[in-house]
Amino acid sequence: MDDYFKGNKPLIKDLPIKFKGTEFQLKVWNELLKIPYGSTISYKELGKIIFGEKNLSSQAIGRAVSKNKLLVIVPCHRVIGSRGDLVGYAGGIDRKKYLLDHEK
């Protein structure tokens, strides 16, 4: 966490993370780890990456993202609304904005 808040890109892949959740949640959380530092993706785009062109709702993806307990380590703050708006962050929208600004 110190590296992250000092402006360094942390090496998350080196952390021994063990998720506990449903198969659906695990798929979503593992994909969150792939979102590049300083980048964003929409809930809809995230769903398409994981599940292809299935008609999966952004709300279903959002619910899985919201169950992530490792907020900064598993970067759910990088998932935004399809219009670029900052929506749905367990830590609060103000913190989501702070983290995204920090990563720029």
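This is a predicted model: local features need pLDDT of at least 70, side-chain atom pairs count only at pLDDT 80 or more; totals for chains, interfaces and linings use all residues.
Lys 27 is partly exposed, with a relative accessible area of 40%, whereas Glu 23 is exposed, at 58%.

## Other salt bridges

The count of salt bridges comes to five. One of them joins the side chains of Arg 78 and Glu 103, at 2.9 Å from N to O, and this pair links distant parts of the chain, since Arg 78 sits in the loop between helix 4 and strand 2 while Glu 103 belongs to helix 5, 25 residues apart. Both Arg 78 and Glu 103 are buried.

Lys 104 forms a salt bridge with Asp 101, their closest N and O atoms being 4.0 Å apart; Lys 104 is exposed, at 78% relative accessibility, and Asp 101 is partly exposed, at 38%. Together with Lys 97, these two residues are linked in a network of salt bridges.

Asn 68 is placed in the loop between helix 4 (58-66) and strand 2 (79-80), and counts as buried because its relative accessibility is 4%. The side chain of Asn 68 reaches the backbone oxygen of Val 74 at 2.9 Å, and, leaving aside residues up to four places away in sequence, Asn 68 touches Trp 29, Leu 32, Val 74 and Cys 76.

The largest nonpolar core has 20 residues, and Leu 32 is among those with the most contacts inside it. Helix 2 (23-32), helix 3 (43-51) and helix 4 are the elements that give two or more residues to this core.

Key:
Residues are numbered from 1 along each chain as its sequence is written. Side-chain values use heavy atoms; hydrogens and water are left out. Helices (H or I, at least four residues) and strands (E, at least two) are DSSP runs, numbered from the N terminus. Buried means under 20% relative accessible area, exposed over 50%, partly exposed in between (1.4 Å probe, protein chains only). A polar contact is a pair of N or O atoms within 3.5 Å; within protein, one must be able to donate a hydrogen and the other to accept it, and residues adjacent in sequence count only if both atoms are side-chain atoms. Contact means heavy atoms within 4.5 Å. A nonpolar core is a set of buried Ala, Val, Leu, Ile, Met, Phe, Trp, Tyr and Cys residues joined through side-chain atoms within 4.5 Å.
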